[in-house]
Amino acid sequence: MRAGLFLAGALIAGAAVAQQTGEEAADVPATKLDVPKNLTVFGKSDPNVYKATAIVNGEIITSTDVEHRLALVLLANQGRVSAEERERLRLQVLRNLIDETLQIQEAKAAEVEVKPEEVNQRYAAVAQNFKRTPQQMDIYLRDQGSSARSIKRQIEGELAWQRVLGRKITPFVNVGQEEVQSIIDRLNASKGAKEYRLGEIFLSGTPETMQETMQNGQRILQQLQQGGSFQAYARQFSEASTAAVGGDLGWIRTAQLPEALAEAAQNMRVGQVAGPIPVPGGVSILVLVDERQVLTADPRDAVLSLKQLAITFPKGMTQAQAGPQVAKFAEETKKITGCGSAKPIADTLGAEVVDNDQVRVRDLPPQLQEILLNLQVGQTTQPFGSLEDGVRVLVLCGRDDPESANGPSFDRIMAQLEDERINRRAQRYLRDLRRDAVVDYQ
């Protein structure tokens, strides 16, 4: 579902028109806004007059709110953002917060409740992803210039909007069984064709604002190419409901995509980011997470039983100091001749042993996938890791190869069709909220 996070800009569209003259102005669809082709601008436009605060239907968004949310974006980019780009991101974050406020307000008007304990539970899950307790996460965020309140506010907005859509839109979206069966028949007929696991950042735009939307997309793409987190940018800026899961579209076939996205996916390498790509209603930025063939067994779908041996290092230890210990670890683990001999060798090294069953090759980092696919049962990988996270090896205890590929799931395809229709209605719904809102910039 495309649940919006951007403020569609009548002001942006007007500014774009006001800055054009002569032949450029002739390209503007002035008839829609009743703007003359030849106009005179009275006064000087200075965007710096506006501070990064707003009052949305009486609810205040402070500059602190903006800075705390901006810090999350900068954190995802490890601080590698120019001063100019930081200012653009600050304005974008303000738009996101305005939309988030509208969504929460709409939920309250519809008497949709999001309980504090639900938000805290989600926050604890976020902290766990960072290998921290909620209390440690609070301190970490403060050190980064953000706050727990900012993340919890975003969680509240996501939950509230999902429930509003679940009450007002989802029950009225229907997909016929015949439609789903038709897609399944086409998939069966296209056995062996490729399907892709994609991530998407969707930015909505109208003909009047498309130029600005494209520029926003290009700036986001540049940050991603410089190492920015796709998932973090999707959560902050995507107008799709998949923003809540980092933009993940799941496994999808080109026939299910708009033509422009299908063409892009077919020409991308795993891990590559592409865009911004014009699509109906806006632009998309894609990342190709993985690819496979439809209804064809893939070795990477094999399920492994692994045993992991790991050693860690004291904080502050240098590479040179850790070198002898790593070398000994590598030499001793070569002596492993099966999972039964792993524990005694681990004990001599003071290494931690962890059993990992039911691990799909596909879910492992690409570097390990190729190594493990070439191992025989009882063999070990080369050591890998870092001083911060520790060095480890994996022992292959067993492998269950895929007997056949999974067929298309009726329920999954139906859910995808429903999501597409809910996306379109949700986008219109948020657009109406923006249109009716009273936003006072301070």
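The structure is a predicted model, in which local features need pLDDT of at least 70, side-chain atom pairs count only at pLDDT 80 or more, and totals for chains, interfaces and linings use all residues. Residues are numbered from 1 along each chain as its sequence is written, and side-chain values use heavy atoms, with hydrogens and water left out. The whole structure holds 17 salt bridges (a side-chain nitrogen of Lys or Arg within 4 Å of a carboxyl oxygen of Asp or Glu).

**Salt bridges between distant parts**
- Glu100 and Arg69 form a salt bridge, with the closest N and O atoms 2.9 Å apart.
- This pair links helix H5 (residues 83-109), which holds Glu100, to helix H4 (residues 63-76), which holds Arg69, 31 residues apart.
- Both Glu100 and Arg69 are buried (under 20% relative accessible area; exposed is over 50%, partly exposed in between, with a 1.4 Å probe and protein chains only).
- Arg197 and Asp248 meet in a salt bridge of 2.7 Å, N to O.
- Arg197 lies in strand S3 (residues 194-204) and Asp248 in strand S4 (residues 248-253), so the pair ties together parts 51 residues apart in sequence.
- Helices (H or I, at least four residues) and strands (E, at least two) are DSSP runs, numbered from the N terminus.

**Helix H16**
- Arg435 forms a salt bridge with Asp432, the closest N and O atoms being 2.7 Å apart.
- Arg435 and Asp432 are three residues apart in helix H16, and therefore separated by about one helical turn.
- Arg435 is exposed at 55% relative accessible area, while Asp432 is partly exposed at 36%.
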